[in-house]
Structures are given as C-alpha cells and as structure tokens.
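Q: I am new to this structure. Please give me a close look at one part of it.

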Amino acid sequence: MPWASEETLNRIKRSFRTVDVYKSPHFARISVENTHDITNVLKHLKDVEDFRYFIDFHVIDFPKEKERFLGQYILVNPYNFERLVVKVWFKSNKLPTAKNIFAGAKWAEREAYDMFGVEFEGHEDVKRMFMWEDYKHFPLRKDFPLGGIPEQRLPSLTELIEGNTLPPSHDYELMHTYVPTIQDIEKTEKSRITKRGQLVLNWGPLHPGTHGTMWFLFDLEGEHIIQTDVILGQLHRGMEKIAENLHYFQFLPYTDRMDYLSAVCSELSYVQSVEKLANIEVPLKAKYIRTMFAELQRINSHLLWLGTGALDLGALTVFLYAFREREKIMDLIEGNAGFRLTSAFLRIGGVHYDLAKGTLEVAKHFVKDFYSKLKEYNGLLTRNRIWLKRTKDVGIITQEDVYQYGLTGPVARGSGISYDMRKIDPYAAYDLVDFDIPVGDVGDVYDRYLVRMEEMYQSAKIVEQCIEALEKMPPNEPYVNKKHPVVIPPKEDVFNDLEDMVKSFRIVVHGENIPKGEIYSSGENPRGELGFYIHSIGKSSPYRLRIRSCSFYNLSVFPKVIEKHTISDAVALLGSIDPVVGETDR
Amino acid sequence: MNDIIFTGIVIAVKILVVLAVTLGLGAYLTWYERKFAGHLQARLGPTVVGPFGLLQPLADGLKLMTKAPLLPRGIDTKLYYMAIMMALVPAIMLFAVVPFGPSFKILGHEIKPIVANLNIAILYLFAMGSMAAYGTLFAGWASNSKYAFIGSLRKAALIVSYEVVLGFAALSVVLLAGSMNVFDIVDAQIKSGIWYIVYQPISFVLFLFCLLAESGRVPFDIQEAEAELVTGYNVEYGGMKFGIFPLAEWYLNVLALCAIMAVLYFGGWSGPHLFGPFSGFIWFLAKTFGLLFFVLWVHWTLPRYQAKDVVEFAWKYLLPISILNLVGTAFLIYFKG
Amino acid sequence: MIKLKKLKRNDSLGPVETVLFLDFIKGLSITMKNLVRKPITTQYPKEKITPPRRFRGKHGHFVYDGQEPPSLKAIEGFMSFEKGKSRCVACYMCQTACPMPTLFRIEAIQMPDGTKKVVRFDMNLLNCLFCGLCVDACPVECLTMSDIHEMAVYRRSQAVLHINDMEQIGATNAKAVRELPDRIWRDDKERETLWGKVKWNF
C-alpha cells in the first residue's frame, strides 16, 4: 500500500520522456535525467499527480561518479497515501531550489548545504543548519574523516593544574577538533536575524522553557513577536556519519539516543528497515512484544509531553502526576531490558530476551490503574477555563501548512489529516490489534492536546490486547528468528552449539551480509514519522543512512505560525509541537 | 507623663512582637508551602533537616546568606539595592493595621492588639499595596537585562489594574460597616451576628482575585512565569538579596492580605468561646491560616493566564462587576435602612 | 479503510459553570484527593531500590571455577588459566562488537609452553554506552554486567576498569545476580510504595 503503483509510474513516464522509473515491493522511484527538468517534474507531481505532501530531501555522496552528488526527494500522495522517491543528479554541485514548491525544502536544503557543501539556485543566502557560521568543512562528505580534523590542542585538567604527564586513560588524545569560541557563536547569532522591532530576546540555548537546548531569537514589539529564527545544532552528534562506519547491529544503541523519550519506537523503525532490506521474517511472539513495548513508550512520551506542557503553562502539579505514571512504565522496561531510558531492547530479527516472569501481571495492573489516572488529568485541565484561554485558537496550523512543511504525527492529525504509519503500512503486530486514530478539526493547540490525550487511551487499549495475546501463547515460543543468516543467535545457543558460535563470530567480526539495494521505511514515533533511508552496496556497513527525523520538520513550521503572537503563545505552541532536541539535531 | 511612658512601652512591645512574629512566620511559611506542595504532588516535602524538616528554613537562610555576592555588569547600583528595600518595607508595614484579637485589659489600661489603630486603615492598606509596585519596577530597570525588564513591566501593569478593583471591592464592605476602622468593622459584624461574606459573596471573590494578583501567585503570576522569563524581575539577584523578594511578595503580602480578608469578610476574631480567654486570637489565626491554605491550594492546581489576558480580565470584567456591586450595595442599604 | 475517530471538541463553558467556577472546583477536588494519599517517595540514600536481574551496570569477569559453558571447554587446552582468576580467552570479540572503537584495551602474551595468557584488560567506562553488546558477543560467558550503578569517581584515571576489579565483581556481585530467578524485579516490598499490591500468577 505505501509505494506508488505501476499505473502511476507509467503515467508519469508518459508525461515526461526523460525520466526513468523503477518499482520493487519496498521501493518506487523515478530518476530525472536532466537536472533542469527537476522543477517541472516536481510541479507536475504536486499539481497533477497530487503528490503534494513533502516528506524529505537529502543528498548522497558518490565521489567516484561523474557528478558527485545525488539528491532525493520523498513525496507522498495524501489522498491514497502512495509514496514516491524522485532522484536527480546535481550539475557541478548545483541544483534548482524546491523551496518555492514545498516550503519545507528550505530547512532540508540548509542541512544539505551544511553537511555536503552543495548549492541551490534560487536559495542564495543559504545558512548553515547545525554548525556555526565560519565552519570550514562539510562533514558528511566521504573524504572527511570520522574523527574529524584534529587541529586544536586541548589538554586535560590534570595536565593543566597538576602538570601530570601520564595520560588519564588508554584512549586519551591531546589534539582535538576545533572548538567554537564565543566570537564564533555571537557571529552566528547576529547573522540569523535582522532586527525590525524593539528588542531581540534570546530564548535559549539554556532555558527551562524550551524542551532541550534549542536557541530561539525573538524580535519583539512589546509582547508581540514580529519574526523569529531557530538556531539548532547544540546537540548535533553526527549519527549519520557514525552509521557509515559501524555494522548494522552496532548502530542499534544509537537509535535510542535520538528520541530518548521513546527509545523502543525509534529502534523499531530502524530494525524494521534492516529487516525489510534483508528479507527477515520476525516470529509472532516478538511482534507482540515489540508492539506492547512500543505502545508503553508512546504513553511514556505523551505523559512527558503532558507534564512539561502543563508545567510551562503554569499547572505545576500535573508534571508530578505524569511522572508518577512514567516511573511505573520505566520500572516495567527496566525489568525486561535492563535500563530505564535507553533500553536497546530490540535486535535485528526479534527481541533481545524473552519477557521476564511477572511482566504481564505488572502490565495488567498498570493498565487498569491508568484509566482512572487519565480521568484525573482530564479533570484538571480539559475544561478548565484558563487552559482553554491559553490553548484555544492559538497557533493554528492549516492543512496546506501540513503538506508544505512535511508535518506528521499528532501535529498533522490535529489539523484533520489522518496520516498514521501504523495504519498505512502496518508493521509489528499493528494489523492484529484493534484501535482508532483520533483526528482533530481546527488545528490549534487545544486540538493537539485532545489528540494526544486520546492517543494515550488508545495505546492503553492496544497494550491490553497484546497482553491477552501473549498470555495465550504457549511457553518457549521463539522470540528471535535465528535461522536467518544475518541474525545473531541468542546466548544459550552460542554456548552450547558450535555452528551458532561460528555464526556469531562471523557476524560480529565481519558484519552482516546485507544484500545490495536501497530502502526507505518509516514507523510511527510518538512525535511523527521517523524514517530510515538505507543505501547498501553489499558491504557490512550502510553506504548512506539517512534519518528522516519528525521533530526536525515539525519544528520548521514554528517561525511561520508564531508571527503576531505573544511570548506566552510561543511557549504553548512549542509545547504542543513537542520537539525533542536529540532527534532534531541527531 | 506616666501615661506617655506606658503608651511608648506598649507601642515598642507591639512593634517588636509583630516584627518578630511576622518575619519568623514568613520564614516558616516556606516550610509550610513546601510540605503542602509536596504532599499534594504525591511526594514528601523537606524531611532531612530536623524532624519533619522543621529546620529547613534556617538552613535555607544560612545558605542564601553565605552565597558569593555577584553584581552583574552595567547595573544602576543605587536602584539595585533600593529595590530590595522597596519590596520588603511596604509588605511589613501592612501588618501595622492588622488586628489580632479583641481588646483586653492589662494593669487597668485597655490595650488593642494592633500596632496603629488608624481611622483610615483600609485606605492605608491600598497605599501600601500600591507601593509594592516600586520594588519590582526598580529591580527590573536596574538589572540591565531584557528578561527582568519585561517581567517588571508586566507586574507594573498588573498592579495598576488590580488596585482599582481592590478599592471598589473593599469599599462595599466599608459601606456596610459604616467606617474604615478595622475594629469598627469587626464590631459591626459581631453586632449584626452575620459575617459579611453572606452579604457580599461577589465582593469576596473579587478580593480573592486581587489578593492573588497583588502577591503574584498563580493564576496571575505572569511576571515570573518560569517557562518564559525564568523568575522575571529578580533574575539578576543572588543570595539573600534574592531571598527577600519571595519572602516579601509571596509570603508576607499574602499573610497580611489574608488577615485583612478574615477581618473584612469572616468577622475577625468572632467565634464561639471554646478556648477560654484566648479564643479570639485563636479564631483569628485559624481563619487566616484557613484562607492561606486555600490560596496555596489554588496556586498548586490551576494553570496561569497570559499577560494580556490578565489585564484585560481586570478592566473588562472585574471592574464593571465591582462597580455594579458597589452601586447595588448602596441601593440596598438606602432602602433597607 | 482507516478507522478514524473525530474528536468531540467541547470547548466552551456553559453559563452555570462560568459563574459557579465549577471547572476550578473539579480541579481543586482532584488535588485534594491526592493530598490525602500516601506519598510515593523512596527516600534515597536511606532506602534504595535494588536493580532487577537484567540490569546493565558495571562490568565484571566470571572466574575460572569449574562452571564454564561447553564453548570454553573446546579451547581450554590453549589457554593458561588460574583458579579464581578471569576466564577470558582474548578473542577480541567484545572489542569488535563495541560501538566505541577505543573503549577496550586487551593484551595477551604467549607463555613459554605455548599457551595464551591475558595480561591486560582495560575498559574506559567514561566512553561506555552500557548497551550490553560486548556481553552478548562474549562466547565463553566471561564478560558480564553486574548491578553496581553508583560509579562516581574524582579523576578520569579512576574510571578505567582493570582486570583485577572485574574479577572481584564477577566473583561476588555478578555471581549473586546470575543465581537470581528471571523475575521482573527482585524485591517486591521496595516497589510497593509506588505500585501498591500486584496480583501475581505464580
């Protein structure tokens, strides 16, 4: 269901002679051969073929090809939810800009410039996205080393203070990559906004109101905001570059550090993409376990949203009530995976361990209690006149905004667009359980609040159904598909069986033998659609791993919507968009 | 001569008692609020320092006083220090017109447990309440910081609007009682046998809102909305200089206004004689602390309003209601006698 | 067909609710209900919650004591083991599986009789993700993770784990953890302040 059909592709090929189409069960693309045609192709796709929902734009670096960079657009038809990838080669590192067709391409092109150094005709004063203004290099190019370019001497404190010459640990290095100074940062700040109002207020980068280290610049006229800009990059860790140097199973702990509030959901999206690429079938018990934990994490993440959103708007007690429920969920996850937050519970081919004894009873106890707690939160906030005054008709996001900027998740569903990956392309056990998707009407902060509260209720229902199914399963059902050549077998087999030990050796040392190909697959994070594009050339690490992060595109609508609102509305709007900086910056 | 010395001693003793009790009580109100907020939020408040955490305010005071005094660059030093005094002094001066109980006799002289028995006590109340605006304005201007500036502007707008409403609300009670002297108001309630809250519920609700606004408590604490302005006008103050602001604004102001509210609407020290000679004092304290409990309860439950909504609320809704209430009361008194 | 649920948006208060402040009273009653409930605090450090069996804490090495899995028996002849010391075979699987390339430093030498002996096994815990991939990769059940989670030190050099610390942990702490049943948590009483009484099926 998610990929474009043969007829659509043939229709496009008939309209444009110079495109090349390709379709497989997990991928559908058209390649534009002339770089100048790309604007016409995109306009045709948007207006005539109805591919008007912009999902992603990214760049791949092929240093040995004639033209070095390949750009890719991912578009979706919001009426029948078909997805299409459009590829085009850059011409001498330049490409016509797409920001007049899809407004969300502006941020994507800034990131492409920042990471690859490519230019866009029509998007002249492109600024860097994550790095500071004067940074000289382009990190995601293939000739930039993984450890950066060490050009600054950064001694440790024991050297400076005690004059100790013994290195503190065996991997200590004296030379470090360049660290930005205060002057660099001030230059970045000044170049982002030209003052038109009375006062430029720095909201961030360290502020209890922004959900993480984001830096906003507000141009104020009294209490009203005239224009604003966001400076990101304080938490940029270069995960896409790291992925090009690790095996597929080693990248798993990194995926739960992106959206650290709902780690299992992010891991699920990643593991799904690798499994689709390598054609791995997951056993039924693992599917149910994955679904149950993903929905528990969804409740976890929405509770944190509720707590911090209410805290920002002044209701101080809801924060602690939400955290009381979160403690319970984290106890459940800790008992099964070992860690509360960054759990690394899933593995390619299944889950890491079977369920611990007692999990199902504890989960049943939690769900029974949770319904009454949801009524408490509703009683405190939903019909409270102060809450209504703060959130009704504030920050209205229209359907056109959703299509142009690529908004997904509760932000899109609050505006009336029923885009939920769990129903469009069901993965794990989502086609075996019964649930509804709440959809809003107006698109203001109050609608998004109602959508998320209803989603928590639906998630609790899914968890109940998964518990029922898991209780009925016979014991000793397999939880990992160990017959597949790419999956690492579990520990008991490695100790007792020579073949499995050799297989484990082979996969850990030489990496998995994932076949050549490419895939884009996405899952429904609590914040939106988290997509992974993997381009594999048959080696043990991906050639290019692109993380299509939902918080990044959700945040890009903030500067447009916040104009003419006040600072207090900015707080409410940011809380309802619910970005997580680990995912925005990767 | 003897009389003057005696009166002087009595006044000095009263001032000392009131100062000591209110400052000590203000410090211990922090303990009370933290414990209350803790249990409301399914957790314990302070428990480690002393039994039940009772020595926590002393530990806090010691910590604040021993912090390194940092002065930011570019401040206006005179206003910076004067702001602290302008915040604290009016809050303490409010206690000069709070009556703690009925008058009693010592050594043949009748003593009223109030520091200054003014005939215009309610007017004095408004004056001291408005002076509280100076503290925040000076602090916000002298801090040389954008956050402090915005916070103090918000608070100035707030105080100006809510003072007017406070005036009209309290005036209805004054009309009923016939005088601005606090003792006369309480005596009028005791004589008629009914507390004024039964006659003036609308005025009570308006006074409650003004109390929450004047002392900067949720739902009206716009000048220190944490998610927007990170403690607002006192963001550049540290150590005990910072400690004075919440003490004066959140605790002393609220305590004094709660006491006045007990006097105006709940009959001061009237109540059945269950506790012997001190029952008046005990009833007064019970009513004040009951109202304080309610104020804290509201603080930790409701969200907060936006700055422009607060001011709009005062001018568009509260002021017409208070004027109508005043006119209605006047008509009722004229026709009912 | 996607099953939608259009939200009922009940967003304005009736006149009775506005005048009598019924929405405030409802909120106040909820907080009052919570005021009289028992608090859920665990007063650390007086009362601590023990981590469950699968917890991923500080690393340890199981020692050579006769309880090894069959995969070790296959290469026992090539190694020079001492009773009570680590049973590591220096296969470098943990180092290869770790997402951080420079975390492990393992060195082994060849003894005069041809057997192999591990002389150095350092782990820089400051860089560690505590993901457990190294434990999954160890083929002889040597490397493991205990339940020690309080690891604060004053210097960077004190955060590097050496082989003698790890043997200590493996002989005492990790061994006790391995003997536990595979239950969701260890001590039910500690968790009762938060959860209340849970109905168990076994």
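Which residue lies over the face of F62(C), and at what distance from the ring centre?

A: R178(C) lies over the face of F62(C), 4.1 Å from the ring centre. A charge sits over a ring if NZ of Lys or CZ of Arg is within 6 Å of the ring centre and within 35 degrees of the ring normal. K328(A) lies over the face of W195(C), at 5.9 Å from the ring centre.

This is a predicted model: local features need pLDDT of at least 70 and side-chain atom pairs pLDDT 80 or more, while totals for chains, interfaces and linings use all residues. Residues are numbered from 1 along each chain as its sequence is written, chains are lettered from A and ligands numbered from 1 in the order written, and side-chain values use heavy atoms, without hydrogens or water.

Now the rings themselves. Rings of Phe, Tyr and Trp (its six-membered ring) pair if their centres lie within 6.5 Å; planes under 30 degrees apart are stacked, over 60 edge-to-face, the rest tilted. That rule gives 67 aromatic pairs over all chains. Take Y53(A) and Y419(A): their centres are 5.0 Å apart and their planes at 55°, so the pair is tilted. Y53(A) is in strand 3, and Y419(A) is in the loop between helix 14 and helix 15 of chain A, 366 residues apart. Helices (H or I, at least four residues) and strands (E, at least two) are DSSP runs, numbered from the N terminus. Both Y53(A) and Y419(A) are buried (under 20% relative accessible area; exposed is over 50%, partly exposed in between; 1.4 Å probe, protein chains only).

Ring pairs also link a cluster, including Y162(B), F313(B), F21(C) and F24(C).
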